[in-house]
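User: I have a model open and would like to go through it with you. Can we start with how the chain is packed?

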Amino acid sequence: MNAVIKGASYILAHVPGMVIHNGSTQITERIVNPESEYLKQLPEHLRTYQQAVEYWPNQVYIGNKTPEELAGVEFPYYDKPLAGAGRYGKFGEIMPEAEFLLLMQCADVFDVLLLEKGFVAAHRDELAADPVITEDIAARVKEGAEAADIERFVKEEHAEGLYADGKLVGCVKRAHDIDVNLNAEVMHENLVNKASNTLALLYAVRNAGIEKTDVEYVIDCSEEACGDMNQRGGGNFAKAAAEIAGLMNATGSDSRGFCAGPSHAMVEAAALVKAGAYKTVAVTGGGCTAKLGMNGKDHVKKGLPALEDCLGGFCVILTANDGVNPEVNLDILGRHTVGTGSAPQNVIGSLVADPLERNGLKITDIDKYSPEMQNPDITKPAGAGDVPQSNYKMIAALAVKRGELEKKDLATFASKHGLVGFAPTQGHIPSGVPYIGFAREDILAGKIRNAMIIGKGSLFLGRMTNLFDGVSFVIQANTAAEQSAQSGVSESQVRGMIADAMKEFAAVLMAKE
Amino acid sequence: MAILKDKKVVIIGDRDGIPGPAIAACVESAGGEVVFSSTECFV
């Protein structure tokens, strides 16, 4: 039977210090144009923690508001704060930068991350008060280092500074003197990913209502690479994060595919569960420092806040079919193959129309589509348009071309079968998966029957191929009862049959005696 | 499409719009010569 979606988590960490110091746009600017107006103006455009919490799309991401409610908010969103919004949501939370730095230390098992004594003392209890941070995790925070030592590591030893409220409060040291794969910048990037991954895992276990010991396999689908000079990208963020989260019965591995990674990982996880290899699998993705402030130049130029100030993370728990939760239908898989080509029509055809047609379904048979759910507040001012809307236009146009949708219904297709984008531009994070938490709830509540999750990836960015990539799958209402009815034998009937057989066997034994 | 015939063309495609290879296919069919093609991602 198909694997089910037992629960999902969505977390953010508001990290304005990392926007300045670790975003690739800012790093590049410091190299090519260190005196630029952009670098001077950026700090004034950074949001406070409270502003990030009151930001509508962030509240949708952590589950306090729905995409439908966001659709009712007048665009743009950045100047419409949600009064009374809080840090915690049903899917996760928005962690402040200071606490996230402490969580990074919890994730550091090689003592490369130092935090200043006073900073640790000021924030240790805040992290410990987090509902998913257990005592064993909080106990990993160290007493702290002297400010002078941290300064020396940054100035003389190539360490990467850690900042809170504009002040140097810690550093990540290089893990090797020569190996660039273990330099301070890479170690920082990887520890950020591992820490946000850990937080997502912790919330997912809580939200799914399972025990940590239930998780047997973890698949990480982020876009970072860890390894040394002999195996750059050797990996296993999955197992590394599972260790900190305390998933003692889990092993795991990493799956990569740029922004399509999460959808590939979901299909792999659903297949592992359906095959019976593992009963409970977690698909997890952590945040990406490089993409912080990626479109910052356009935001600053237009007088907007630097909206890419949050790291994102997510995790989905898949288990054996429980007869209740929505399931991943592995019969309906969309795939962009080597031969598909890159024309938008071919891409959407391979991911949407083809898998549906193979199963005798029409495009309009899917209630909701979740392609790339980037927040248009971020992308439109930067000239990248409204990405989810562009996807819906293409799907609708294809439906019309195939005679599955009336031309007059083109304009309403997006509102009926689509969603408004609400996810941060963290690469793999917005790609299809942000809706899985809501889709599970909407299917359980009977609001929708099914949803198609579509992930797309820009493989050409790695300069290994010019190919594009994509994969899609369908989540649907649980069909266990239907399947049992069709097979003509229910679980209780099977039990009865086994009991009868045992009785007969016992009777034979008795007769022999 | 005669405007592209025998012209040298530089293509900057957008991953969420029209990607480079798709534009290149159009240019070549219109008799143009692609001297550079790249697809960028902003999300």
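User: How much of chain A is buried?

Analyst: Of the 513 residues in chain A, 54% are buried. A residue counts as buried if 20 or more other C-beta atoms lie within 10 Å of its own, as exposed if 12 or fewer do, and as partly exposed in between, with C-beta atoms placed from the backbone. This is a predicted model, where local features need pLDDT of at least 70 and side-chain atom pairs count only at pLDDT 80 or more, while totals for chains, interfaces and linings use all residues. Residues are numbered from 1 along each chain as its sequence is written, and chains are lettered from A and ligands numbered from 1 in the order in which they are written.

User: What does chain A span along its principal axes?

Analyst: The C-alpha trace of chain A spans about 85 × 70 × 50 Å. Its radius of gyration is 24 Å, which agrees with the value near 24 Å for a compact globule of 513 residues. That radius is taken over C-alpha atoms, and the globule rule is 2.2 Å times the number of residues to the power 0.38.

User: How many helices and strands are there in chain A?

Analyst: Chain A has 21 helices and 13 strands. These are DSSP runs numbered from the N terminus: H or I with at least four residues for helices, E with at least two for strands.

User: OK, the core. Which residues have the most contacts inside the largest nonpolar core?

Analyst: They are Leu201(A), Ala204(A), Val283(A), Val316(A) and Leu318(A), in a core of 151 residues. Such a core is a set of buried Ala, Val, Leu, Ile, Met, Phe, Trp, Tyr and Cys residues joined through C-beta atoms within 7 Å. Helix α11 (residues 184–208) of chain A gives the largest share of this core, 14 residues.

User: And what is Ala204(A) in contact with, leaving aside neighbours within four places in sequence?

Analyst: Its partners are Gly7(A), Ala8(A), Ser9(A), Ala282(A), Cys315(A), Val316(A) and Ile317(A). Two residues are in contact if their C-beta atoms, placed from the backbone, lie within 7 Å.

User: Now α10. Which of its residues are buried?

Analyst: In α10 (residues 147–156) of chain A, the buried residues are Ile150(A), Phe153(A) and Val154(A). Seen down the axis of α10(A), they fall within an arc of 95°, so they line one face of the helix. The arc is that of the directions from the helix axis to the C-beta atoms.

User: Why would a helix do that?

Analyst: An α-helix has 3.6 residues a turn, so residues three or four places apart point the same way.

User: What covers the buried residues of α10(A), and what is on the face turned away?

Analyst: The cover includes β3 (113–115), β4 (160–164) and β5 (167–172) of chain A. The face turned away carries the exposed residues Ala148(A), Lys155(A) and Glu156(A). After α10(A) comes His158(A), whose phi is positive, near 60°.

User: Where is Asp111(A), and is it buried or exposed?

Analyst: Asp111(A) sits in the loop between α7 (97–107) and β3 of chain A. With 10 other C-beta atoms within 10 Å, Asp111(A) is exposed. Its phi is near 55°, a positive value in a residue other than glycine.

User: Which residues does a cis peptide bond join?

Analyst: Phe75(A) and Pro76(A), with omega about 0°. Pro76(A) lies in the loop between α6 (67–71) and β2 (94–95) of chain A.

User: Last one: how many residues does each chain put into the contact?

Analyst: Chain B gives ten residues and chain A gives 18 residues. The model scores ipTM 0.78 and pTM 0.93.
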